[in-house]
Amino acid sequence: MIAGEPVIRVGIFERYPSARGAFFGRFNVNGGAAAEGTVEVRPEGGSLVVRDGGGRTIVSGREVGCIADRNGRFLLEGVTIGINFHWQRKQDQTFEGGLRFVLRDDGTITAINDILLEDYLRSVISSEMSAEAPLEFLKAHAITSRSWLVAMLERSHRGRLPQPPPGGPDANGEIVRWYTREDHDIYDVCADDHCQRYQGVSTIITPLAAEAVGATRGEFLVFEGEICDARFYKACGGRTEEFHNAWEDTPVPYLSSTSDAPIDHPPISTEESAAAWILSQPEAYCNTRDPALLHQVLPSFDRETTDFFRWKVDYRRDELEEIIRDRSGIDIGTLLDLVPLARGPSGRIRRLRIKGSQRTFEVGKELEIRRCLSPSHLYSSGFVVQAEGGAADLPERFILHGGGWGHGVGLCQIGAAVMAERGFPAEAILAHYFPGTSLERRYR
Ligand SMILES: [Zn+2]
Ligand SMILES: [Zn+2]
């Protein structure tokens with residue numbers, strides 16, 4: 001149980017050979033030395049050496065903690081965002097709160113920002129959404145993000161969860177894998193899309209985001225007395241997915257599958273129903289192309305893509321063979337077929353057979369499938385395969401027709417924004433995506 005507002009340890013960057021930044025205002029370094037302006041951090045002889053703009057050593061140690069005298073901010077240069085996604089880029093970013101540089105055993109540097117949860121949330125909500133997003137949507141998102149984070153902190157305080165299976169094909173040549181956020185060892189969350197996009201105060205804190213966080217301060221989604229592991233993603237594609245189809249095989253009652261529409265779309269149960277579903281445009285909260293609304297919900301670099309509800313990827317066979325070889329480390333020879341073996345109720349594939357002339361293997365779960373069939377990531381694992389053309393039954397092209405963006409478990413961001421715009425309050429939006437939960441204030 002949390003006693004009050006917790007401090008979150010956010011990993012800003014990992015394993016950099018050196019770091020540069022600047023302190024705006026006076027900072028206390030390792031409890032003594034004062035620093036202001038440009039700083040440079042380098043590993044030297046088993047510790048980190050921090051120097052000022054004139055090259056003078058300020059302090060050294062395996063870990064360097066920097067705390068502002070009052071209301072100070074600091075800048076870190078060249079922070080990578082969107083790691084492994086098509087929008088990956090480097091940015092200088094500014095933060096509030098405490099800063100720590102930690103020397104890793106491999107001689108690299110990790111930077112960590114220690115920040116109060118509500119301050120962190122104001123930044124996350126401002127980074128992920130535009131200033132004009134509907135207030136009830138932002139409130140629903142603030143409660144979701146807050147719950148997810150604290151549920152994770154509580155899990156790690158209780159001891160670590162069973163870890164996902166290690167990487168690489170097993171003895172049967174199968175790759176069945178999923179990823180947890182518990183793989184961060186010396187901080188709670190990273191600042192990237194892997195956890196929640198956090199760009200410090202580089203993104204101006206918008207008044208509406210601050211209002212949404214303030215109005216819901218200390219409020220959590222609760223199921224049977226416990227704070228919920230409230231997951232979210234961009235768009236479900238018409239129906240949300242069950243927890244165990246993306247992560248470990250433990251059912252989570254409030255992360256079950258639900259129709260994301262005023263009408264009840266039945267769950268996908270066969271390959272025929274998957275094809276009929278994905279190749280149609282069913283009515284759904286997240287089935288919107290309203291540019292004004294998409295502008296509100298997706299930050300600019302996400303708007304490069306608006307075909308998230310139903311999408312299509314067209315590969316030449318040799319092109320896809322190369323992607324599979326690169327991503328899985330398995331040379332299958334000629335790609336003969338992609339066979340979905342198991343799907344969840346949203347239509348997302350949980351297990352896929354990749355059939356080649358030299359090797360055939362099976363891959364899962366959803367994120368591993370998305371990784372395996374794309375140089376970055378497919379939007380989702382909810383797709384049907386159309387093999388085209390070629391002589392002697394050998395396909396020349398593989399066309400993937402897909403639906404949804406992300407794992408589909410929990411809150412559908414686009415759907416939630418549309419619901420808010422149609423007048424649903426935050427409580428109703430949360431009850432829709434997290435059935436059986438209630439709201440509780442755990443600190444003031
Ligand atoms: Zn992360
Ligand atoms: Zn949806």
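This is a predicted model: local features need pLDDT of at least 70, side-chain atom pairs count only at pLDDT 80 or more; totals for chains, interfaces and linings use all residues.

Reader: Which side chain does D331 meet in a salt bridge?

Author: The partner is R325, with 3.9 Å from N to O. R325 is partly exposed too, at a relative accessible area of 36%.

Reader: How many salt bridges does the structure hold?

Author: There are 35. One of them joins R42 to E40, where the closest N and O atoms are 3.2 Å apart. R42 has a relative accessible area of 37% and E40 has 25%, so R42 is partly exposed and E40 is partly exposed as well.

Reader: What about E368: is this residue buried or exposed?

Author: E368 is buried, because its relative accessible area is 2%. The side chain of E368 meets that of R371 in a salt bridge of 3.3 Å, N to O. Both residues belong to helix α7 (residues 366–372) and lie 3 residues apart, about one turn of the helix. Salt bridges can also share partners: E14, R15, R104, D106 and D185 are joined in this way into one network.

Reader: Let us turn to the metals. How do I read the geometry of a zinc site?

Author: Look at the angles among the donor atoms; for four tetrahedral donors the ideal is 109.5 degrees. The zinc ion (ligand 1) is coordinated by H184 (NE2), C190 (SG), H194 (ND1) and C195 (SG), at 1.9 to 2.3 Å. Angles of 104 to 115 degrees among these 4 donor atoms go with a tetrahedral site. Along the chain, the donors of ligand 1 have the spacing H-x5-C-x3-H-C. The two cysteines of this set, C190 and C195, are both buried.

Reader: Which residues coordinate the zinc ion (ligand 2)?

Author: They are C236 (SG), D260 (OD), C286 (SG) and C412 (SG), at 2.0 to 2.4 Å. The arrangement around ligand 2 is tetrahedral because its 4 donor atoms subtend angles of 104 to 122 degrees. The spacing of these donors along the chain is C-x23-D-x25-C-x125-C. C236 sits in the loop between β15 (232–233) and α4 (271–278), while C412 is in strand β22 (residues 411–412), so this pair ties together parts that are 176 residues apart in sequence. C236 is buried, with a relative accessible area of 1%, and C412 is buried at 0%.

Reader: How many residues of helix α8 (residues 413–421) are buried?

Author: The helix is mostly covered, with 8 of its 9 residues buried. Among them are Q413, I414 and M419. After α8 comes G423, with a positive phi near 100 degrees.

Reader: How are aromatic pairs described?

Author: A pair of rings is described by the distance of the centres and the angle of the planes. This structure holds 13 aromatic pairs. In one of them, F23 and F27 are stacked, 4.3 Å centre to centre and with 15 degrees between the planes. Both F23 and F27 are buried.

Reader: Which rings does R310 lie over?

Author: R310 lies over the face of W277, at 5.4 Å from the ring centre. R310 also lies over the face of F309, at 4.4 Å from that ring centre.

Notes:
Residues are numbered from 1 along each chain as its sequence is written. Chains are lettered from A and ligands numbered from 1 in the order in which they are written. Side-chain values use heavy atoms; hydrogens and water are left out. Donors are N, O and S atoms within 2.8 Å of the metal (3.2 Å for Na, K and Ca); water is not among the atoms, so sites may look incomplete. Four donors count as tetrahedral if all angles lie between 85 and 135 degrees; four count as square planar and six as octahedral if opposite donors are over 155 degrees apart and all others between 65 and 115; anything else is irregular. Buried means under 20% relative accessible area, exposed over 50%, partly exposed in between (1.4 Å probe, protein chains only). Rings of Phe, Tyr and Trp (its six-membered ring) pair if their centres lie within 6.5 Å; planes under 30 degrees apart count as stacked, over 60 as edge-to-face and the rest as tilted. A charge sits over a ring if NZ of Lys or CZ of Arg is within 6 Å of the ring centre and within 35 degrees of the ring normal. Helices (H or I, at least four residues) and strands (E, at least two) are DSSP runs, numbered from the N terminus. A salt bridge is a side-chain nitrogen of Lys or Arg within 4 Å of a carboxyl oxygen of Asp or Glu.
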